[in-house]
Amino acid sequence: MSSSSDMIPIDESIAKSFEIVKSVFDSNDVDQVIAQMGPSVDKSLYHAEMQAMFAMLKATLTMNTDDLAKAKKAARVSLKQCKKLRKKQFKKLTDALTKKS
């Protein structure tokens, strides 16, 4: 897992992940979208979420054991990314709220 300083800026992250998602509608190739999201999952919550979502979609449609395992792994990566960012953001918020003047 990368540090928060390695994170892709949110605007860029959203734009890039939706650009990749758009390609699934153009090409109808879910595997390609999952693969394209892969390199950025440690740097972007949106990439991690989109990869997990499409992996789960594929697993649900195929009910293939390997696809189900990949979807489970992608969901864990996404959850780990969420927890990391949540902890950091809540720490900033609580520090700001408890800061005594």
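Start with the charged side chains. The protein carries 18 positive and 12 negative ones, counting Lys and Arg as positive and Asp and Glu as negative, with His and the chain ends left out. The centres of the two sets lie 12 Å apart, each charge being placed at NZ of Lys, CZ of Arg, CG of Asp or CD of Glu.

This is a predicted model: local features need pLDDT of at least 70, side-chain atom pairs count only at pLDDT 80 or more, and totals for chains, interfaces and linings use all residues. Residues are numbered from 1 along each chain as its sequence is written, and side-chain values use heavy atoms, without hydrogens and water.

Switch to cartoon view. You will find four helices and zero strands, where helices are DSSP runs of H or I with at least four residues, strands are E runs of at least two, and numbering goes from the N terminus.

Zoom out. The C-alpha trace spans about 55 × 25 × 20 Å along its principal axes.

Next, select V21, V33, M37, M50, F54 and A55. Within the largest nonpolar core, which has 13 residues, these touch the most other members. Such a core is a set of buried Ala, Val, Leu, Ile, Met, Phe, Trp, Tyr and Cys residues joined through side-chain atoms within 4.5 Å; buried means under 20% relative accessible area with a 1.4 Å probe, protein chains only. Now colour α1 (10-27), α2 (30-37), α3 (45-62) and α4 (65-98): each gives two or more residues to this core. The most come from α3, with five.

Finish on V33. Leaving out residues up to four places away in sequence, V33 touches I20, S23, V24 and F54, a contact being heavy atoms within 4.5 Å.

Technical notes. Buried < 20%, exposed > 50% of the residue type's maximum accessible area, 1.4 Å probe, protein only.
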